[in-house]
Amino acid sequence: MTKTPHAVGVFARGGYTVARARRELLPDALAFRPTLAVILLGTNDRINSHSLSALDAFDAEYRLLLDALPCPAILVAIPPCSEALLYTRHEAGAYGSEAPNARIENANAHLRLLAEERSFPFLPFDFVWLSTEGDGVHLSPERNTALAENVFRLAREHHFNTSRVALIGDSNTVGAHLLPHERYSSKLSALFAHSS
C-alpha cells in the first residue's frame with residue numbers, strides 16, 4: 001500500500017500579532033500551497049503590552065488572513081495565561097480595566113463565531129492549562145502534545161486533506177523554550193506519518 005505523504009510547514013515568529021503574521025508570514029505560507037492551515041495567533045494582540053490590539057482590529061485582521069487562504073483552516077483558541085507571571089514582565093496598568101484573561105476570552109468568543117461563519121473547526125483550550133512552571137504564557141511540552149493530538153483529531157474528523165499543512169502562528173507555534181521534538185509541529189508531523 002502506498003503511503004500518503006504529509007508535509008507540515010511552520011510559518012511562525014515569536015512576538016507576532018495577527019496583522020504582522022498576515023503581512024510577513026502569509027506570503028511564505030501561501031507559497032507552500034497548503035491544503036489545510038492551523039492558526040494559533042492572538043496572544044500578542046491581546047496580552048503583550050507592547051503590541052496590544054483593539055478587539056475590532058484583531059477581528060478585522062484575522063478575517064483578512066482567512067480571506068487570503070486557499071484552503072480550510074482550524075482556528076485554535078488563544079491559550080489562557082497566568083496573570084501573576086505575566087505581570088512580572090508586563091505592567092498591569094497596560095491592560096486598563098480588562099484583565100489579560102478577560103481579553104483572551106473576549107477574543108476567543110470572536111474566533112469561535114468566525115469559525116462558525118466559515119464552517120471551520122474551532123479548537124478551544126478547554127483541554128490545556130498552562131503548567132505552573134515557565135513564564136505563564138508559553139505552553140509546556142505536555143500541552144504541546146495535547147495540542148498536536150487535538151489538531152490531528154479535528155483534521156481526521158473533518159476529513160481534511162492533510163498533504164500540506166501550514167501552521168501559522170507566534171511563539172507557541174514556534175515552540176518557544178522547547179526542544180525540537182517537544183514542539184507541537186514535530187508531534188503533529190509524527191502523528192500524520194504514523195497514520196499514513
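**Close-up views of a predicted model**

**View 1. The buried residues of helix α7.** In this predicted model, helix α7 buries Asn144, Ala146, Leu147, Ala148, Asn150, Val151, Phe152, Leu154 and Ala155.

**View 2. Helix α7 from end to end.** The helix covers residues 141–157, 17 residues in total. Its first and last C-alpha atoms lie 24 Å apart, close to the 24 Å expected at 1.5 Å a residue. Have a look just after α7 as well: His159 has a positive phi there, about 55°.

View 3. Five strands line up in the order β1-β5-β2-β3-β4, with parallel pairing. Because β1 (7–12) and β4 stand at the edges with a single partner strand each, one side of each has no neighbour in the sheet.

**View 4. Strand β1 beside β5.** Here β1 runs parallel to β5 (residues 164–169), and six bridges join the two. Within this pairing, Val8 sits opposite Val165 of β5.

**View 5. The largest pocket.** This pocket holds about 230 Å³ of space. Its lining is made up of 15 residues, and those nearest the centre are Ile78, Pro80, Ile104, Glu105 and Asn108. Which helix gives the largest share of the lining? That is α6 (residues 100–118), with six residues. Sorted by class, the lining has ten nonpolar, two polar and three charged residues.

Conventions. Residues are numbered from 1 along each chain as its sequence is written. This is a predicted model: local features need pLDDT of at least 70, side-chain atom pairs count only at pLDDT 80 or more; totals for chains, interfaces and linings use all residues. Side-chain values use heavy atoms; hydrogens and water are left out. Helices (H or I, at least four residues) and strands (E, at least two) are DSSP runs, numbered from the N terminus. The expected span of a helix is 1.5 Å times one less than its number of residues. Buried means under 20% relative accessible area, exposed over 50%, partly exposed in between (1.4 Å probe, protein chains only). On a 1 Å grid over the protein atoms alone, a cavity is a set of points where a 1.4 Å probe fits but cannot get out, and a pocket is an open set with protein on both sides within 12 Å along at least five of seven lines; lining residues have an atom within 4 Å of a point. Grid points are joined across faces, edges and corners, and a volume is the space filled by probe spheres set on the points. Ala, Val, Leu, Ile, Met, Phe, Trp, Tyr, Cys and Pro count as nonpolar, Asp, Glu, Lys and Arg as charged, and the others, Gly among them, as polar. Two strands pair if DSSP finds at least two bridges between them.
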